[in-house]
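Okay, thanks for coming, everyone.

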Amino acid sequence: ELYFEDEALEAIAEKTLEAKTGARGLRSVIEKFLLEYMYEIPQNRNGGRLIITKAAVDGTEKAIFEENEL
């Protein structure tokens with residue numbers, strides 16, 4: 001499951017506006033901080049929830065991964 005906090009969505013939109021790009025810029029911003037998780041999470045067999053925070057979008061902290069319990 002992928003969850004974006006409201007503040008994270010606002011930060012993504014701001015970065016896209018600053019770059020003066022449309023939907024492609026939006027995709028680029030999201031891919032930039034999700035890249036590392038795209039490879040880490042599939043290795044987790046239990047699945048879980050990835051929470052994207054404003055700090056994760058800004059690059060000052062990692063996103064929060066809540067692993068499903070067995």
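Let's start with Thr-16, which counts as buried because its relative accessible area is 7%, and the cut-off for buried is under 20%. Before I go on, please keep in mind that this is a predicted model. Thr-16 belongs to helix 1. Its side chain comes up to the backbone oxygen of Ile-12, at 2.9 Å. So what does Thr-16 touch, if we skip residues up to four places away in sequence? The answer is Thr-21, Gly-22, Gly-25, Leu-26 and Val-29.

Now stay on helix 1 and look at Glu-18, which is in that helix too. Is Glu-18 buried or exposed? Glu-18 is exposed, because its relative accessibility is 64% and exposed means over 50%.

Okay, on to the core. The largest nonpolar core is made of 13 residues. Ile-12, the one whose backbone oxygen Thr-16 reaches, is among those with the most contacts inside that core, and so are Phe-33, Leu-34, Leu-50, Ile-52, Val-57 and Ala-63. Where do the core residues come from? Helix 1 (6–19), helix 2 (23–40), strand 2 (48–52) and helix 3 (54–58) each put in at least two. Helix 2 gives the largest share, with 4 residues.

Let me pick out Ala-63 from that list. Leaving aside neighbours within four places in sequence, Ala-63 is in contact with Tyr-37, Leu-50, Ile-51, Ile-52 and Ala-56.

Next stop is Glu-5, which you'll find in the loop between strand 1 (2–4) and helix 1. Glu-5 is partly exposed, because its relative accessible area comes out at 27%.

How many aromatic pairs does the structure hold? The count is 0. There is a charge over a ring, though: the charged end of Arg-49 sits over the ring of Tyr-3, 4.5 Å from the ring's centre.

Key. Residues numbered from 1 in each chain as written. Predicted model: local features only at pLDDT ≥ 70, side-chain atom pairs only at ≥ 80, totals over all residues. Heavy atoms only, no water. Core = buried A, V, L, I, M, F, W, Y, C linked by side-chain atoms within 4.5 Å. Buried < 20%, exposed > 50% of the residue type's maximum accessible area, 1.4 Å probe, protein only. Contact = heavy atoms within 4.5 Å. Phe/Tyr/Trp six-rings, centres within 6.5 Å; stacked < 30°, edge-to-face > 60°. Lys NZ or Arg CZ within 6 Å of the ring centre and 35° of its normal. Polar contact = N/O pair within 3.5 Å; in protein donor to acceptor, adjacent residues only side chain to side chain.
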